[in-house]
Amino acid sequence: MTALGTSARVVIAEDSAVLRDGLVQLLTDRGFAVLAAERDAVGLERAVTADPPDVAVVDIRMPPTFTDEGLQAALRLRRSHPEVGILVFSQYVETRYAAELLAGGAAGIGYLLKDRVADVSDFVEALVRVASGGTALDPEVVTQLMGASRRTDTLGALSGREREVLTLMAEGRTNSAIAAALTVSEGAVEKHVASIFAKLDLPATSTDHRRVLAVLRYLEG
Amino acid sequence: MLIRIPQEQARQLRRALELVGREPFRRRSWAELGFFLASSALTLAALVVLGAFGLAGVGLTVVLVGVLVLAGGLRVGRGLGRWQRALARQALGEDLAEPEPFSPRPGFFGWLRASLGDRAAWRAVIYFVAKVPLTIFGIWFALSVWVEALLALASPLTGGPGGTRFGVLGRTLGPGHSGGPGWLVNHGRVFAVGAVLFFVAPWTMRAVVALDRGLMRLLLGPDAATSRVRTLEESRSKTLDAATETLRRIERNLHDGTQAQLVALAMRLGQAKEKLDQLDDSAPPGDLSALRRLVDDAHRGAKEAITDLRDLARGIHPPALDTGLENALATLAARSPVPTAVTVSLPSRPTRSIEAIGYFCAAELLANVAQHAHASRASLSCAQHGPWLRIVVRDDGRGGATVCRLGSSSSGLAGLADRVAAVDGHLSIGSPPGGPTVVTIDLPARG
């Protein structure tokens with residue numbers, strides 16, 4: 001966990017009281033400063049404007065129409081407060097939402113299924129990553145984006161292990177995190193990454209979120 | 001001796017004279033003449049075009065291209081029918097409903113099939129064929145009178161013989177008079193006849209146009225079967241909408257209720273698990289109480305999730321309904337926050353779907369009473385009247401309930417009305433401001 005993890009400032013927008021209270025309690029417990037916990041998109045935008053946090057946790061479906069208010073608010077915040085990380089937090093993954101969210105770049109963007117909160121440490125880690133300008137995508141999001149990609153032919157050229165690495169990379173993980181997740185050496189991961197970049201004809205970069213961006217750009221194309 | 005005409009008859013006579021006298025000067029009479037001329041021209045054109053398509057189509061059938069030509073001809077026929085309808089609308093104000101739309105399946109064969117089986121197109125073609133004798137009759141019976149009247153009235157100016165004497169008049173008036181001795185008398189007579197015919201012409205034309213109106217309604221509007229199908233389609237689409245809406249509501253309830261609770265539960269257990277892991281390494285005693293609180297919360301959350309899930313399952317299909325509407329309604333009333341008296345008298349069980357619709361109507365109405373009526377008590381009655389199942393929900397609240405279909409204020413009552421209408425039932429509301437509110441629902445007991 002980075003040093004930011006213990007002091008990151010968070011705004012929460014979630015209409016379900018039980019989840020909202022749970023999140024506040026969990027994040028406070030983990031040393032985050034919860035600036036505001038709102039129950040709709042209007043409250044979210046007001047809170048962020050009043051005191052911009054490091055990251056906002058945003059539910060997609062909120063009152064009054066329970067469709068995609070949260071997402072629309074997140075997109076607006078992206079434009080008005082690009083420095084605020086956005087972690088969209090939903091019970092479903094919709095490919096279109098993910099695409100819209102990532103259209104302006106993957107830096108400081110997260111899209112997680114609510115289920116992920118059960119693995120508290122992973123969730124907190126993802127939140128910290130987004131707060132510090134990184135990316136956190138749910139494996140489900142990555143799978144869907146890969147499925148929606150028109151370049152399935154070239155994706156087919158990847159080996160099984162390379163696909164796993166690509167998925168984890170798109171989720172925003174570093175090489176060492178990928179190595180830990182796959183229980184292989186970091187050197188092996190580096191080799192896979194280089195091979196993926198070569199096969200997909202991607203520019204090789206080192207920064208975490210740039211790698212994600214590169215992967216996603218490729219997948220969208 | 002003076003003939004005394006009774007006042008009433010005199011008035012009627014005057015009215016009749018006024019009616020006849022005014023007729024040639026009304027816009028309607030000239031519009032009908034114009035319609036007759038224009039639609040005759042259209043009929044002639046249709047005859048030529050459709051005849052050409054028909055002959056070519058039949059002639060070429062052996063090489064299969066003929067089928068295509070026939071299909072094309074039918075498409076043209078449908079278009080001509082549309083023109084005729086537009087003409088009737090413009091000139092006569094006759095608003096004929098559009099026939100069923102041409103909706104071919106995708107692809108060439110879909111188009112061909114739909115074109116050849118297009119009932120509206122065939123009926124339009126039949127219309128134009130049937131229109132031929134009607135047009136001939138119209139020229140003979142009505143147009144001739146107009147022409148004669150106008151020519152005769154113009155004869156003093158033109159010095160012409162006055163009239164052509166074709167059509168119906170040839171027989172009644174005899175051959176036309178021409179110049180020669182008694183020229184003035186002759187012309188006077190021609191003019192007088194023309195003046196009389198001028199007042200007769202609108203009526204003969206009206207008769208012909210009336211026949212055409214009948215023919216158009218018969219062949220250019222939607223036929224009876226289509227109308228019925230349309231009604232059924234509308235009610236089916238409302239039923240589907242209602243079903244979709246129900247599914248949406250269930251999803252919403254699951255999403256906002258059980259799913260959220262389970263996520264929160266998993267979150268708390270996840271926290272507890274990590275705290276337990278930490279306890280193994282080094283156990284600061286203060287963490288134990290935090291851990292206990294997490295487990296307590298998780299436990300309570302699990303129990304709430306169970307209750308919510310049970311309520312939701314009941315909302316999808318109340319188990320009590322399996323044993324009959326009586327039991328289900330009794331349970332429903334007992335669960336209502338507003339004290340509700342129930343009377344049920346059902347000699348036999350209605351069909352399952354009617355029971356379910358009746359139950360959900362009652363549930364929705366009682367929920368409305370609890371939420372909006374500010375009532376102190378309510379009553380729910382359910383009784384069979386012959387083939388009808390009548391459900392009445394009454395409350396002593398503030399009234400003012402309406403079926404509203406607009407925006408977010410769209411009341412549950414609109415949904416109920418649709419649901420009830422889908423089985424040919426009926427919903428009526430009596431709810432004056434200040435109350436009481438009485439909602440009556442009649443459902444066909446046998447579905």
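A residue is counted as buried if 20 or more other C-beta atoms lie within 10 Å of its own, as exposed if 12 or fewer do, and as partly exposed in between. The exercises below apply to a predicted model.

**Exercise 1. Determine whether Asp424(B), Phe66(A) and Arg394(B) are each buried, partly exposed or exposed.**

Solution. 

Step 1. Asp424(B) has 11 C-beta neighbours inside 10 Å. The limit for an exposed residue is 12 or fewer, so Asp424(B) counts as exposed.

Step 2. For Phe66(A) the number of C-beta neighbours inside 10 Å is 15, and therefore Phe66(A) counts as partly exposed.

Step 3. Arg394(B) has 22 C-beta neighbours inside 10 Å, so Arg394(B) counts as buried.

**Exercise 2. State where Asp424(B) and Phe66(A) lie, and describe the phi angle of each.**

Solution. 

Step 1. Asp424(B) belongs to the loop between α12 (412-422) and β4 of chain B. Its phi is positive, about 60°, although Asp424(B) is not a glycine.

Step 2. Phe66(A) is located in the loop between β3 and α3 of chain A. Phi of Phe66(A) is near 55°, again a positive value in a residue other than glycine.

Step 3. The loop between β3 and α3 of chain A also holds Pro64(A). The peptide bond that joins Pro63(A) and Pro64(A) is cis, with omega about 0°.

**Exercise 3. Describe the surroundings of Arg394(B) in chain B.**

Solution. 

Step 1. Locate the residue: Arg394(B) is part of strand β3 (residues 388-395) of chain B.

Step 2. List the contacts. Leaving aside residues up to four places away in sequence, Arg394(B) touches Ala378(B), Ser379(B), Pro436(B) and Val438(B).

Step 3. Compare sequence and space. Val439(B) is 45 residues from Arg394(B) along the chain, and the C-alpha atoms of the two are separated by 6.5 Å.

Step 4. Examine the strand pairing. β3(B) and strand β5 (residues 437-444) of chain B run antiparallel and are joined by eight bridges. Within β5(B), Thr437(B) is the bridge partner of Asp395(B).

**Exercise 4. Give the order of the strands in the sheet of chain B, and explain why β1 and β4 of chain B each have one side without a neighbour in the sheet.**

Solution. 

Step 1. The sheet is open, and its five strands follow the order β1-β2-β3-β5-β4 (chain B) with mixed pairing.

Step 2. β1 (340-345) and β4 (426-430) of chain B stand at the edges and have a single partner strand each, so one side of each lacks a neighbour in the sheet.

Step 3. On average, neighbouring strands of this sheet are turned by 10° against each other, direction ignored.

Step 4. Helix α11 (residues 352-373) of chain B lies across β1, β2, β3 and β5 of chain B and runs at about 10° to β3(B).

**Exercise 5. Explain why strand β4 (residues 85-90) of chain A is described as largely enclosed, and identify the strands with which β4(A) pairs.**

Solution. 

Step 1. Six of the six residues of β4(A) are buried, and therefore the strand is largely enclosed by the rest of the structure.

Step 2. Consider each face. Gly85(A), Leu87(A) and Phe89(A) are buried on one side, and Ile86(A), Val88(A) and Ser90(A) are buried on the other.

Step 3. Strand β3 (residues 55-59) of chain A pairs with β4(A) in the parallel sense over five bridges. Here Val55(A) has Gly85(A) as its bridge partner. Together with helix α3 (residues 69-80) of chain A, β3(A) and β4(A) make a right-handed β-α-β unit.

Step 4. Strand β5 (residues 109-113) of chain A also pairs with β4(A) in the parallel sense, over five bridges, and Ile86(A) stands opposite Ile109(A) in β5(A). The chain passes from β4(A) to β5(A) through helix α4 (residues 95-102) of chain A in a right-handed β-α-β crossover.

**Exercise 6. State how many residues of each chain take part in the contact between chain B and chain A, and characterise the side of chain B.**

Solution. 

Step 1. The contact involves 15 residues from chain B and 15 residues from chain A.

Step 2. Helix α8 (residues 224-281) of chain B supplies the largest share of the chain B side, 14 residues.

Step 3. By class, that side has five nonpolar, six polar and four charged residues.

Terms used: Residues are numbered from 1 along each chain as its sequence is written. Chains are lettered from A and ligands numbered from 1 in the order in which they are written. This is a predicted model: local features need pLDDT of at least 70, side-chain atom pairs count only at pLDDT 80 or more; totals for chains, interfaces and linings use all residues. Helices (H or I, at least four residues) and strands (E, at least two) are DSSP runs, numbered from the N terminus. Two residues are in contact if their C-beta atoms, placed from the backbone, lie within 7 Å. Two strands pair if DSSP finds at least two bridges between them. Axes are lines fitted to C-alpha atoms, for helices over the stretch in contact, and angles run from 0 to 180 degrees between N-to-C directions. A crossover is right-handed if, with the strands pointing away from the viewer, the path from the first strand over the helix to the second runs clockwise. Ala, Val, Leu, Ile, Met, Phe, Trp, Tyr, Cys and Pro count as nonpolar, Asp, Glu, Lys and Arg as charged, and the others, Gly among them, as polar.
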